[in-house]
Amino acid sequence: MLERLLLRLQKNIDSTLMVFISSALVVGLFTLYSASGRNIILVLNQLFYIGLGFILLWVTAKIHPKYFQKLALPIYIAGLLLLFGVMFFGQSSHGAKRWLNLGLFKMQPSEIMRIAVPIAMAWYLSKRENKRHAIDYVIASLFFILPVILIINQPDLGTGLLIAASGFYILFLAGLNWKFIVGGGIGLFSLTPFIWTHLHDYQKNRVLILLDPSQDPLGSGYHTIQSSIAMGSGGLIGKGWLNGSQGQLDFLPERTTDFIFAIFSEEFGLLGNLLLLGLYGLIIGRSLMIASQAKNTFTRLLAANIGLTFFTYIFINIAMVSGIMPVVGVPLPLISFGGTSMTIILISFGILMSVHSHKELVGSS
Amino acid sequence: MSYTKNSQNIYKSRYLFKRRLALLTALISIAFLAIAGRFFYLQIFKYDFYKGLSENNRIAVIPNVPNRGLILDRNGIVMADNYFVYSLEITPSKVSNLNKTIDNLKPIVEFSAGDLKQFKKILKESSSLDSIPIRTHLSETEAARFAANKLQFEGVEIKSRLFRRYPKGAFASHLIGHINRINEEDKEIIKKLGWQQNYKGTDSIGKLGIEKYYEAKLHGTTGFQEVEIDANGNSIRILNSTPSIEGDAITLSIDSNLQEIAENAFNKYRGALVALNPKNGEVLAFVSRPNFDPNQFVGGIDVDEWKVLNESLDKPMLNRAINGLYPPGSTIKPFVALAALENDIRKPPFNINDPGFFTLPNSGHTYKDWKPYGHGVVDMVMAITISCDTFFYGLGIELGIKKLSEFLSRFGFGETTHIDMFGENAGLLPSPEWKQKRYKQPWYLGETVITSIGQGYTLVTPMQLAQAVATIANGGLMIQPRLIQSIKNNQTGKIETFKNKIIRELHFKPENLALVKEGMMNVTEPGGTAASVGAGASYKMAAKTGTAQVVEMKRNQKYDPNRMNERHRDHALFIAYAPAEDPTIAVAIIVENGGHGGSTAGPIARKLMDYYLLKKITVSKENNKAASLESEYHD
């Protein structure tokens, strides 16, 4: 009886991926406990979101991918309308207009677009599969360019660039001609001066500071200097859990969210870093494997995109914390404190598992 | 498309997908290797370096707050500078029991109740990491006494802080303004302007006057020190340091000698004065009385002191020069006269016969002249000279409110002068449209009558009046007034000077302007309403007196200043420029409850111009008496 129930619960869930994800989450909870200065409330809070995320993952994994395909456009349009809504009725906070107040709760439509954009693009490109022309890639591009412009305008450069990257992954994997890729790259490069002049001063500063953190040791440079000290002083094996002196002091800002990796790195050292990197590598590898086994273009593109986006988050966050990229507000997946990003990531793994467990049926349909 | 081709396509796209995915996987591996490389670099290669910084030491980044720029007058006399004081400061996060610490400090350094109140106020507004002053201006003895006991006070230290000083006290306070502690509202502004980085460590900001308007220039650039500190918070060595850059020095167009003469001339009166150079718009004197001592505000004003300033009936915090609203009274007459001439309403010889009153056509309502039995035959020049009300009543009716209002607006009435100071009032220039909007009522002809002699709805600021008279003096060229003359960048040593900004050119017919100017010149001649003001002067002064009612007289009630509440007496107004032939100074003066313009406001102008044109300080009383006329007590 119990065995059958477990079996039913397990159905559609990819246990390999689940083990990897859970391991990362456990590491995350321990790190969070340390980073928050042993704040058990914060950890319980995170645990609540993990629970919610698991339920959503489980539900999503049960949904057949063909429904994602069917819902691609409506979800996308709804997301786009919400983004326009933000533009006109959005709430400002910290100088950015990113939230919509829906009475009961506040939501950030750009988060929805993180899932809606790749689904819509995968839907469109798979629909045009056999009769694809150059124009189709242009149309597909519009699917991400429009929301990206709206999001960067909010301004939320981090999320905007991440969605742009995820859009590019889909175009690339769908077979966008190299000529366009190279041409687009050159085009984008030549636009750099134009983009530069349109950046906000604080955004420019962050880039300049990356080149020389000591330029602004009180501001963004301060983050970089302090997190470098935390990481570097961790050494080979780290200072041990709850023993990171840098992290425990007030020196490191945003240490439960964007800069949590510095805490981990200080306490677990190079070995810990490499193990975590390896764990992430396994999750990404498993995701891409699922993608390569997927039976049709839609699921293939969707699955690959989830893995690649996951990688992008990790790369940007770690590169930022270890001082090789400008400071942009990107959380470390599965580790950083934050309800929305946690649930969104777990839902996307649910989609991945749905693709994996329904592949035979998809192939035959 | 055939089935085979279709499946071929599918095969092809799948192959392509796998190939590209493999490429991306390779890129991901490279990226991970790069990150791992960075880990090696930081955690193995640079381990000793970072361990050294981290284990026993910590890095503190301490902002170097820049010196605030000086404010100087046109002669280089200092109006605002800085000095160092010792202050005793507490960093709450480093103190285990704040109240106990404060109690223990009491025998060593004295605090007043105000000091503690101020400390608690700042404590509430600051982060616990900030160092908060509990006593400023420590004496040498107190500093030494604390130093001897320093060890028992962790988290308490003596710092030398820069204080703003206004060496001349209340002098020109409305012009200079003051700085005060940064509050929540200021923080919002600082954030909005993206100044947060540069304001780290800064605790004060310009709140009024020049201090506020030129905040961005005066503040300077914050430097920093990266300091290694040990576990006790003592600094061990400086790792990196960037000096702060002192704020720009601002040289004002104000002549503080002239300013002093003007301020002294006001004596006990309330009011305002603005003197301009009509040729370039430079403000030469800027007075608002009563004033306040800006030094009171530096480092946060005491609650009781603020109460006194804020609740005083005299409103010392009101900047009357740009915010005081007054009916222009008869000082409007030269402008009304010019309006009539430019609109061809009156033609030579412009004569009217003044019986002492004016009857509004088709209504029978009469308006009295200030002179009971009238002035007899009066022409345009004479009308200005003797300030004939009857002449202007009729003129206003003939001109009509629309033309009058439009013409006055060209002189800048009803709009701000855009002087370099925040919060300027635009005044009020009434028109039928304005009245409809404001009161939902039509314009009455009688209102045109009183508008023509500067009564009724019209309200002006002394600044506007000064600009308008300067425009007449300047032949119709309207230049934006400014308080700044130059800015010196302390880093580059470069001096930025300011060009005259022409607001507009009012092209008047020379003969019309000449007529009005003649009338104004005669005002200070024997027979004019301010004959005493011009008496014995070696230069010609063109002027116009004015009186503005503060309370409305009942019909047949006689105005008797001696029997009235001092605050109900008329305001005295005076506008003037000199030398009349080639004016280099134009002035507008309002003396609240000063009575007649010629007798209280006029002498202030005379003193001012004597100094400016002749460097002569006072006018003797004998000169004053000589040409005294009956008309002096009216206008």
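The legends below describe close-up views of a predicted model.

**View 1. A patch of positive charge on the surface of chain A.**
Four residues, Arg4(A), Arg8(A), Lys11(A) and Lys62(A), gather on the surface in a patch of positive charge. Lys62(A) belongs to helix H3 of chain A, which covers residues 40–62. The relative accessible area of Lys62(A) is 32%, so this residue is classed as partly exposed.

**View 2. Asn12(A), a residue with a positive phi in chain A.**
Asn12(A) is not a glycine, yet its phi is positive, at about 75°. The residue sits in the loop that runs between helix H1 (2–10) and helix H2 (15–35) of chain A. Is Asn12(A) buried or exposed? With a relative accessible area of 13%, Asn12(A) is buried.

**View 3. Gly338(A) and Asp258(A) in chain A.**
Along the chain, Gly338(A) and Asp258(A) are 80 residues apart. In the model, 9.8 Å separates their C-alpha atoms. Gly338(A) is part of the loop between helix H14 (297–321) and helix H15 (339–357) of chain A. Its relative accessible area is 17%, and Gly338(A) is therefore buried, the limit being under 20%.

**View 4. A salt bridge between two strands of chain B.**
Side chains of opposite charge can pair when their charged atoms come close. Here Asp81(B) and Arg165(B) form a salt bridge through their side chains, with 3.2 Å from N to O. This pair links distant parts of the chain, as the two residues are 84 residues apart. Asp81(B) is in strand S3 (residues 78–90) of chain B, and Arg165(B) is in strand S5 of chain B. How accessible are the two partners, Asp81(B) and Arg165(B)? Asp81(B) has 16% relative accessibility and counts as buried, whereas Arg165(B) has 33% and counts as partly exposed.

**View 5. Further salt bridges in chain B.**
How many salt bridges does the structure hold over all chains? There are 26. One salt bridge joins Lys106(B) to Asp103(B), and their closest N and O atoms are 3.5 Å apart. Both partners are partly exposed: Lys106(B) has a relative accessible area of 40%, and Asp103(B) has one of 46%. In another salt bridge, the side chains of Arg135(B) and Glu142(B) meet at 3.0 Å, N to O. Arg135(B) is buried, at 11% relative accessible area, and Glu142(B) is buried too, at 10%. A network of salt bridges links Arg68(B), Arg164(B), Glu211(B) and Glu215(B).

**View 6. Ala172(B), a residue with a positive phi in chain B.**
Ala172(B) has a phi of about 55°, a positive value, although this residue is not a glycine. Where is Ala172(B) placed? Ala172(B) lies in the loop between strand S5 (156–165) and helix H6 (173–176) of chain B. The relative accessibility of Ala172(B) is 3%, so it counts as buried.

**View 7. The side chain of Thr222(B) and a backbone oxygen.**
Thr222(B) is in a loop of chain B, with helix H9 (215–219) on one side and strand S8 (223–230) on the other. What does the side chain of Thr222(B) reach? At 2.4 Å, this side chain reaches the backbone oxygen of Asn198(B). Thr222(B) has a relative accessibility of 13% and counts as buried.

**View 8. Two cis peptide bonds in chain B.**
The peptide bond that leads from Arg289(B) to Pro290(B) is cis, and its omega is near -5°. Pro290(B) is placed in the loop between strand S12 (283–289) and helix H11 (303–311) of chain B. The peptide bond from Ala578(B) to Pro579(B) is also cis, with omega near -15°. Pro579(B) is placed in the loop between strand S22 (571–578) and strand S23 (585–591) of chain B.

Lys435(B) is one of the residues of helix H17, which spans residues 432–439 of chain B. Why is Lys435(B) classed as buried? Its relative accessible area is 1%, and buried means under 20%. The side chains of Lys435(B) and Glu447(B) are joined by a polar contact of 2.9 Å.

Notes. Residues are numbered from 1 along each chain as its sequence is written. Chains are lettered from A and ligands numbered from 1 in the order in which they are written. This is a predicted model: local features need pLDDT of at least 70, side-chain atom pairs count only at pLDDT 80 or more; totals for chains, interfaces and linings use all residues. Side-chain values use heavy atoms; hydrogens and water are left out. Patches are made of residues with over 30% relative accessible area and no salt bridge: like charges are joined within 9 Å, nonpolar side chains (Val, Leu, Ile, Met, Phe, Trp, Tyr) within 5 Å. Accessible areas come from the Shrake-Rupley method with a 1.4 Å probe; for residues, only the protein chains shown count as cover. Lys and Arg count as positive and Asp and Glu as negative; His and the chain ends are not counted. The place of a charge is taken as NZ of Lys, CZ of Arg, CG of Asp or CD of Glu. Helices (H or I, at least four residues) and strands (E, at least two) are DSSP runs, numbered from the N terminus. Buried means under 20% relative accessible area, exposed over 50%, partly exposed in between (1.4 Å probe, protein chains only). A polar contact is a pair of N or O atoms within 3.5 Å; within protein, one must be able to donate a hydrogen and the other to accept it, and residues adjacent in sequence count only if both atoms are side-chain atoms.
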